[in-house]
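Q: Please show me how to read some features of a protein model, going from the whole chain to single residues.

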Amino acid sequence: MSSLGDVRAIMSMERKNLLDAWTSFKVPTLAPALALLLLLLFLALIFIGTKLKTKTSRPDLPPGSLGWPVLGESLEFLQASRDGNLGKFIRDRMGEHGAPIFKTSLLGEPMVVLCGPAGNKFLFSNEGKKVALWWPSSVRRLIGTSLITKAGDEGRSDRKMLMSFFNPEALMRFVGTMDEVTRHHLRTQWQGKDQVEAYPTLKLYTFELACRLFMSITDPQLVTRLAHHFEVFLKGLISLPLDFPGTRFHRARRATDSIRKELRALVRQRRVELEQKLARPSQDVMSHLLANGDENGKLMPEAEIINNMLNLLFAGHDTSSSTLMLLLKYLSELPHVLDKILAEQREIAASKAPGELLQWDDLQRMKYSWNVICEVMRMTPPVGGSFREAVVDFTFEGYTVPKGWKLYWSAAVTHEDLNFHPRAASFDESRFEGSGPLPYSFVPFGGGPRMCLGKEFARVEMLVFLHNLVNLFDWDTAIPNEKIIYDPMPTPVKGLPVRLRPRQGLSCS
């Protein structure tokens, strides 16, 4: 541990070096006020960096580097995502330190990364005991108080309220609606075209479906406006929270303000419709939250309902559209897998009367199709990982993580672990036959008490779309090996254009 004398010596040396550099720097073109501002900024960075070194000099901390003052290693972390190699940042540091745990500094916070199924198990099983949900400042500032940012009893209460809409019993009622919306989408956006840009088209589909099921929105102009705002919002969701013109965060904040304005008008209109018996409390999530209180009968404040709807519209469409896009990409490269899916889905279609919509029992027969979707999510997780905060000091793998430090777990690195996924770089849907992967080794939806609320919704949505798509079209990608980046979801750099070939004798009736 550094002594007080060592710290003072470091600070004295850094101040001397800084002042020497400053006095030798010629600033004839800078106004005095700007020169003073730069000097103060440099001094602040030196002070913060020295303070951070002092706080993190304990010998029992995990190995690693905190990187630059304030910025830490955020730029390297974000760049790895945008280069399409999400796991590289973590793999490089695991290899360097020879441990499944290391320290870094991300998004302005000292952070410990726990790697692999053992790290996942520790974090998921200690939710509310040793760790709690945490999100970067950019997420908290954009989304506000909602299910995604609440922890403890408040978070559990909100989750219980929403779970009554997202459990299998509730979703059974919406399978037919999903099928109807899917058929209409394919008829209007795909049928009759030789080529479509798959990713933006799929984003429109999943967003339309979320608007319809969560808020009963059917106005196409409103859907288009909201979709545009959400596109900008998403780009700044995981970013440095620099709120001035030209930054991703600033653009995202302005887009979020526009989304809230639209949602506020919808919530107030729906409250009136419920009072006048023109809407039913059970017709969608928005009505459910407006009409029902928590276990103590307390109604959710309007601002929180708006925040929750914003969160659900985002989470309810973006991960699904990324996974469906990847599904199209992988199936175009794996015709033998597509043939097996087609056989399964044609058998289900043959059992239906003309025009009959899918039902819950039909989805339970799509076992092979779901195994393929799971392998797609293993190969390229829709969400790279998530964050927690240490609420007490704890030890893991012989290292101490101090209270208040932030934590990160990675689905991407977990899914590449050869100890749990042999031939991890190869597509093999048979991994999910029988009991499937070992616990905590397949985590596209997280795990523990904070497992993704919409897991079952996503399963139904993707299976319904896949059923209709493969029965209507064959396809191939127009740009072989198109690069996929994380921004922050898996995103094809050219939108994944696909060439369509209609299957004979079938239409989107």
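This is a predicted model: local features need pLDDT of at least 70, side-chain atom pairs count only at pLDDT 80 or more; totals for chains, interfaces and linings use all residues.

Q: What percentage of the residues in the protein is buried?

A: Of the 509 residues, 53% are buried. The protein has 20 helices and 12 strands. Among contacts between residues at least 6 apart in sequence, 72% join residues at least 24 apart.

Q: At what angle do helix H16 and helix H20 pack?

A: Two packed helices are described by the angle between their axes and the distance between the axes. Here H16 (residues 335-350) and H20 (residues 455-472) pack at about 100 degrees, and their axes are 9 Å apart. Angles of 65 to 115 degrees count as roughly perpendicular, so H16 is roughly perpendicular to H20.

Q: Which residues of H16 and H20 make the contact?

A: H16 contributes Leu338, Ile341, Leu342, Gln345, Arg346, Ile348 and Ala349, while H20 contributes Leu466, His467, Val470 and Asn471. An α-helix has 3.6 residues a turn, so residues three or four places apart point the same way. By class, the contact of H16 with H20 has 7 nonpolar, 3 polar and 1 charged residues.

Q: How many residues does helix H7 have, and what distance does it reach?

A: H7 (residues 152-166) has 15 residues. From first C-alpha to last it reaches 20 Å, close to the 21 Å expected at 1.5 Å a residue.

Q: Which residues of H7 are buried, and what covers them?

A: The buried residues of H7 are Gly155, Ser157, Asp158, Arg159, Met161, Leu162, Phe165 and Phe166. Their cover includes helices H8 (168-171), H10 (198-215), H13 (285-291), H14 (302-315) and H20.

Q: Is Lys329 buried or exposed?

A: The cut-off for buried is under 20% relative accessible area. Lys329 has 13% relative accessibility, so Lys329 counts as buried. This lysine is in helix H15 (residues 318-333). Leaving aside residues up to four places away in sequence, Lys329 touches Thr477, Glu482, Ile484 and Leu496.

Q: Where does Val70 lie, and how does its accessibility count?

A: Val70 is in the loop between helix H2 (32-55) and helix H3 (74-82). Because its relative accessibility is 42%, Val70 counts as partly exposed. Val70 and Gly108 are 38 residues apart in sequence, with their C-alpha atoms 5.4 Å apart in space.

Technical notes:
Residues are numbered from 1 along each chain as its sequence is written. Side-chain values use heavy atoms; hydrogens and water are left out. Axes are lines fitted to C-alpha atoms, for helices over the stretch in contact, and angles run from 0 to 180 degrees between N-to-C directions. Helices (H or I, at least four residues) and strands (E, at least two) are DSSP runs, numbered from the N terminus. Angles under 35 degrees count as roughly parallel, over 145 as roughly antiparallel, 65 to 115 as roughly perpendicular and the rest as oblique. Contact means heavy atoms within 4.5 Å. Ala, Val, Leu, Ile, Met, Phe, Trp, Tyr, Cys and Pro count as nonpolar, Asp, Glu, Lys and Arg as charged, and the others, Gly among them, as polar. The expected span of a helix is 1.5 Å times one less than its number of residues. Buried means under 20% relative accessible area, exposed over 50%, partly exposed in between (1.4 Å probe, protein chains only).
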